[in-house]
2 protein chains.
Amino acid sequence: MNKTLKGKRISKAEVLQPKILNVPVAKLVKTVVGRTVESVTSKGKWLFVKLQPRYFLLINLGMGAELLYLTPKLKEPEKVQFRLTFSDKSRVAVRFWWFGYVHLVAEKDLSAHKMTSALGLEPTGADFTIGSFSKLLRGRKTTVKAFVLDQKNVAGIGNVYAQDILFRARLHPNRKVQTLSETEVKALFNAIKTVLNDSIGLGGLAYEVDFYGRKGKFDESKFLVGYKTGKACPECGTRIEKIKTGSTASYICPKCQVWASES
Amino acid sequence: MNKTLKGKRISKAEVLQPKILNVPVAKLVKTVVGRTVESVTSKGKWLFVKLQPRYFLLINLGMGAELLYLTPKLKEPEKVQFRLTFSDKSRVAVRFWWFGYVHLVAEKDLSAHKMTSALGLEPTGADFTIGSFSKLLRGRKTTVKAFVLDQKNVAGIGNVYAQDILFRARLHPNRKVQTLSETEVKALFNAIKTVLNDSIGLGGLAYEVDFYGRKGKFDESKFLVGYKTGKACPECGTRIEKIKTGSTASYICPKCQVWASES
DNA sequence: TAATCTAACAACGA
DNA sequence: CTCGTTGTTAGATT
């Protein structure tokens, strides 16, 4: 996205669903039209489209979204919520599967934008180290599942990825983070990097497409326990169980991921 | 307090329990010594001691406290946490029964002081009207007991007063505020004013003393249902019950204060 | 299946 | 008898 969009000038902005915005439609349209894309970066589930001069479009992918660079080959899907057209006639469409945000924020107000400024460590970033990660866990009384899903800790882990992260670390979702040994913290840290990098290396999840419409290759055959209810654990053969953990579902091997009663 | 302390110059400040402060002991002592009391006002359970120039001492009475003007006749009690001496040798002692705060805030930072700036309506103030009170209830999903105890709604109602306020309004503590009729809202509004003014008129609760050591006259004989477990309801004779409501205890007449199952 | 905000609530500490 | 913090949960959202 960064390479493709950099330098393009926005000539048109269409908001098909105003509820995705943090400002009135007219304000967004008036502000972005005429501005130029300086860069596109990301943190967790957020995209930062930096506009010149002095604005950001912040896009949250919510519970799944398609962000597509439209070409004669790549047709626009149904139910698009947002569309940008550039002065060279190229277009980008945004389609949220359920919920998602497109927020307009002035550069000077970026640090006041709560949803993005509260984001935690970027797991692919240089500051995601065993040291910075361990520090986050200190004194916390929550469970390891709630911890990894909380974007204020590590940004970008969704429920899909949480499943195999916890399995690889051999941790039960309901384990209290306070009870983790140093070895377990390291295993969790490494599992986060492994699972996310595996997905990135394969172009993302198979039910998602990238900016150019290409499907990812991280499909169910790569999952270890996630969404495998009743299947055999790849480690010990025990049947995988689906359990309720807080408001999310968890898939676990009841033998490999033991939740000691005291923890 | 306002009349007695106005114009006095602080010559000494002693902090016997540093945990009551929001600043280091040295900072408080250095700041208040030499300053003069301009006025003493109150809002809810907070006292605002305005110092000249440009400072406030904010005192939260917590779960009961004695704030005493010490004279040869009025000796200082045990376990005082804070003491001020004025240049005319007069003294004030503060003793918290459980917890309480003495906060030092510069005048320009007063609006940034969260505990006092979040306080709701002052029930003895001119802005405590049926209109402003009704507005507070709108769209709230909480219970009437939790609502009246929350200092962000109406400042100054503690659990002692909440008992008879709810009885006078004939409301069960667990009633959802959303289900209150206009008549019930009015009854609640009037009950708050009645109960608090009754206590103020009698110099406060009998287990408290004022600035000059005088006991209040609002004793258990004036309570209608509060702390009267097993006694007869003054309205219908039914035995008063003690029930658990959230984290606080409530004393109710189970006949007069019905909690309709749908509300 | 998936994400986030908000309000209310519970447990805990000071 | 109080209050703040933290975490949990239910409800709502397109």
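In chain B, Lys79(B) sits in the loop that runs between β5 (65-70) and β6 (82-86), where helices (H or I, at least four residues) and strands (E, at least two) are DSSP runs numbered from the N terminus. Phi of Lys79(B) is near 50°, a positive value for a residue other than glycine. Lys79(B) counts as exposed because it has 10 C-beta neighbours inside 10 Å; a residue is buried with 20 or more other C-beta atoms within 10 Å of its own, exposed with 12 or fewer, and partly exposed in between, with C-beta atoms placed from the backbone.

The model is predicted, so local features need pLDDT of at least 70 and side-chain atom pairs count only at pLDDT 80 or more, while totals for chains, interfaces and linings use all residues. Residues are numbered from 1 along each chain as its sequence is written, and chains are lettered from A and ligands numbered from 1 in the order in which they are written.

A positive phi, near 60°, is also found at Tyr227(B), in the loop between α7 (182-201) and β9 (241-245) of chain B. With 13 other C-beta atoms within 10 Å, Tyr227(B) is partly exposed. Most residues other than glycine have a negative phi, and most peptide bonds are trans.

Cis peptide bonds, with omega about 0°, join Gln52(A) to Pro53(A) and Gln52(B) to Pro53(B). Pro53(A) belongs to the loop between β3 (46-52) and β4 (55-60) of chain A.
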